[in-house]
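User: I would like to learn how to read a few features of a protein model. Please take them one at a time.

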Amino acid sequence: MRQLHQLSIVEKLQHTGFIVLVCFGLLCAELYLFVTHTGLDGKAGVTLKDIQLSYAGNPDGSKLQTVLPTMLTNAGVPKSEWPQDKAMIDHWIAGGRTKAEYDTQIKPLIAQHCLMCHSVAMSQQLHNPPLVTYDDVKAVTNVDTGMSYTTMFMTGMVHLTMLGVIFWLAAYLFVRTRVNNQIKAIAVITPFIAMMLDFSGWFLTKQNPNFAWFVLIGGGLSCPIAALELVVSFFDMWVGIPGFLQQKLVAEARK
């Protein structure tokens with residue numbers, strides 16, 4: 001099997017197109033997860049508590065109350081307005097979630113800040129609950145039990161299948177580089193292990209929030225390492241890689 005630097009220009013261009021598109025795709029995936037998970041605990045960035053709230057839920061509040069900070073962040077609402085919006089939601093839920101208060105207070109708030117991601121059409125694309133009608137909004141004000149098992153299995157089917165193929169192709173290119181075999185062995189298997197750690201962490205965290213570390217570590221290693229494999233493959237194909245990364249020839253090793 002020829003190494004990447006030995007390929008023809010046409011073959012290099014073929015692989016380069018794949019590498020560029022997939023790297024941007026993996027970056028978008030990481031950014032999407034960051035945007036959808038960050039701020040659930042009211043703090044900046046993705047924290048362990050954010051992961052726990054996403055999968056195990058919040059027994060002290062509803063789904064709407066849990067994700068409200070993220071929704072307000074995505075909508076670009078200034079933090080100075082958050083307490084007022086939160087108090088309005090809390091008052092409505094504590095007061096029995098009446099239709100009259102929904103029409104006068106909650107519906108305008110939802111329409112202004114939430115429907116960009118929670119309309120019927122966007123909900124189908126993003127797998128978010130729609131917030132178009134009174135019944136839609138009322139449904140997400142029950143006790144927050146976290147992500148449902150149905151959603152986990154559906155999301156897992158897509159993630160494991162698609163990312164499994166991408167990780168395999170990234171590894172296929174990476175093993176054709178001049179990188180040291182020991183580094184190759186670690187790099188090619190890590191994304192697969194990390195993805196399974198991440199996936200199993202969803203179910204374990206739902207049962208016990210302390211397992212949120214599995215999700216955080218697995219998610220932090222799987223796509224980034226696969227992307228790193230692709231970046232190294234790109235440079236080895238066109239430019240070359242530093243000597244300390246390269247596999248030594250047998251003849252050189254004997255000297």
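User: At what angle do helix H2 and helix H10 pack, and how far apart are their axes?

Analyst: Note that this is a predicted model. In general, a pair of packed helices is described by the angle between their axes and the distance between the axes. Here H2 (residues 48-56) and H10 (residues 181-207) pack at about 85°, and their axes are 8 Å apart. Angles of 65 to 115 degrees count as roughly perpendicular, so H2 and H10 are roughly perpendicular to each other.

User: Which residues make the contact?

Analyst: From H2 come Ile 51, Gln 52, Tyr 55 and Ala 56, and from H10 come Trp 202, Thr 205 and Lys 206. By class, the contact of H2 with H10 has four nonpolar residues, two polar and one charged.

User: How many helices and strands does the chain have, and in what order do they run?

Analyst: The chain has 12 helices and two strands. Read from the N terminus, the order is α-α-β-α-α-α-α-α-α-β-α-α-α-α. The chain has a radius of gyration of 23 Å, well over the 18 Å that the globule rule gives for 255 residues, so the chain is more spread out than a compact globule. The C-alpha trace spans about 85 × 35 × 35 Å along its principal axes.

User: What lines the second largest pocket?

Analyst: The second largest pocket holds about 270 Å³ of space. Its lining has 15 residues, and Leu 40, Gln 65, Thr 66, Pro 69 and Lys 86 lie nearest the centre. Strand S1 (58-62), helix H3 (63-74) and helix H4 (82-94) are the elements that each give two or more residues to this lining. H3 gives the largest share, five residues.

User: How does that lining divide by class?

Analyst: The lining of the second largest pocket has six nonpolar residues, five polar and four charged.

Methods
Residues numbered from 1 in each chain as written. Predicted model: local features only at pLDDT ≥ 70, side-chain atom pairs only at ≥ 80, totals over all residues. Heavy atoms only, no water. 1 Å grid on protein atoms, 1.4 Å probe; cavity = no way out; pocket = protein on both sides within 12 Å on 5 of 7 lines; lining within 4 Å. Points joined across faces, edges and corners; volume = space filled by probe spheres on them. Helix = DSSP H or I, 4+ residues; strand = E, 2+ residues; numbered from the N terminus. Nonpolar A, V, L, I, M, F, W, Y, C, P; charged D, E, K, R; others polar. Axes fitted to C-alpha atoms, helices over the stretch in contact; angles between N-to-C directions. Parallel < 35°, antiparallel > 145°, perpendicular 65-115°, else oblique. Contact = heavy atoms within 4.5 Å. Rg over C-alpha atoms; globule rule 2.2 N^0.38 Å.
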